[in-house]
Amino acid sequence: HLDIGWLSRSLGIGYSRFRQIFKKCTGVSPYQYFLDLKIARAKELLEQGQFTVKEIAYMLSFDDPYYFSHLFKKKTGLPPSGWH
């Protein structure tokens with residue numbers, strides 16, 4: 001899990017300013033960037049073929065495998081079960 005509030009405080013700036021700077025540098029919010037990293041890792045794990053979609057969802061700290069599948073499809077255009 002990522003605590004963006006803690007991260008911004010540890011840098012000595014407010015959350016709004018941190019989010020503004022981060023988005024300017026990356027083009028997306030910190031949370032969207034974090035989700036993109038999780039989806040990228042899910043792709044790697046799916047390509048390895050060692051784990052089920054449900055196992056990957058829990059490995060990546062998604063509380064609900066159905067939400068993970070929905071998000072994966074939204075981000076990639078394919079359901080996790082169709083990713084090779």
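Predicted model: local features only at pLDDT ≥ 70, side-chain atom pairs only at ≥ 80, totals over all residues.
User: What are the overall dimensions and surface of the chain?

Analyst: Along the principal axes, the C-alpha atoms fill a box of roughly 40 × 20 × 20 Å. The accessible surface comes to about 5800 Å², and carbon and sulfur atoms account for 55% of that. Of the 84 residues, 26% count as buried. Among contacts between residues at least 6 apart in sequence, 36% join residues at least 24 apart.

User: Why is F62 called buried?

Analyst: The relative accessible area of F62 is 4%.

User: Where is F62, and which residues does F62 contact?

Analyst: F62 is found in the loop between α4 (53–59) and α5 (65–76). Leaving aside neighbours within four places in sequence, F62 is in contact with L35, K38, A57, Y67, F68 and L71. By contrast, S8 is 54 residues from F62 along the chain, and their C-alpha atoms are separated by 23 Å.

User: What makes a group of residues here a nonpolar core, and which residues have the most contacts inside the largest one?

Analyst: The term requires buried nonpolar residues joined through side-chain atoms within 4.5 Å. The largest such core has 13 residues, and those with the most contacts inside it are A42, I56, F62, F68 and F72. At least two residues of this core come from each of α3 (30–48), α4 and α5. α3 gives the most, with 5 residues. In soluble globular proteins, nonpolar side chains tend to be buried together.

User: Which residues does F68 touch?

Analyst: Not counting residues up to four places away in sequence, F68 touches I39, A42, V53, I56, A57, F62 and P80.

User: How do you know that the length of α2 agrees with that of a helix?

Analyst: Helix α2 covers residues 15–26, which is 12 residues. The expected span is 1.5 Å times one less than the number of residues, so α2 should span 16 Å, and its end C-alpha atoms are 16 Å apart, which agrees.

User: How does α3 compare with its expected span?

Analyst: α3 has 19 residues and reaches 28 Å from its first C-alpha to its last. That is close to the 27 Å expected at 1.5 Å a residue.

User: Which residues of α3 are buried, and what do they pack against?

Analyst: The buried residues of α3 are P30, L35, K38, I39, A42, L45 and L46. These buried residues pack against α1 (4–10), α2, α4 and α5. An α-helix has 3.6 residues a turn, so residues three or four places apart point the same way.

User: What follows α2 and α3?

Analyst: α2 is followed by G27, with a positive phi near 90°. After α3 comes G49, whose phi is also positive, near 75°.

User: What makes the phi of S61 worth a remark?

Analyst: S61 has a positive phi of about 65° although it is not a glycine. S61 is found in the loop between α4 and α5.

User: Why is S61 called partly exposed?

Analyst: Partly exposed covers the range between the buried limit of 20% and the exposed limit of 50%. S61 has 31% relative accessibility, so S61 counts as partly exposed.

User: Which residues is S61 in contact with?

Analyst: Apart from neighbours within four places in sequence, S61 is in contact with H1 and K38. S61 and H1 are 60 residues apart along the chain, and their C-alpha atoms are separated by 7.1 Å.

User: Why does S29 count as buried?

Analyst: The relative accessibility of S29 is 11%. The cut-off for buried is under 20%, so S29 counts as buried at 11%.

User: Where does S29 lie, and which residues does S29 contact?

Analyst: S29 lies in the loop between α2 and α3. Beyond neighbours within four places in sequence, S29 is in contact with R19, F22 and K23. The C-alpha atoms of S29 and F18, 11 residues apart along the chain, are separated by 9.6 Å.

User: How many positive and negative side chains does the chain have?

Analyst: The chain has 12 positive and 7 negative side chains. The centres of the two sets lie 11 Å apart.

Conventions. Residues numbered from 1 in each chain as written. Heavy atoms only, no water. Buried < 20%, exposed > 50% of the residue type's maximum accessible area, 1.4 Å probe, protein only. Contact = heavy atoms within 4.5 Å. Areas by Shrake-Rupley, 256 points an atom, 1.4 Å probe, with all protein chains shown as cover. Lys, Arg positive; Asp, Glu negative; His and termini not counted. Charge placed at Lys NZ, Arg CZ, Asp CG, Glu CD. Helix = DSSP H or I, 4+ residues; strand = E, 2+ residues; numbered from the N terminus.
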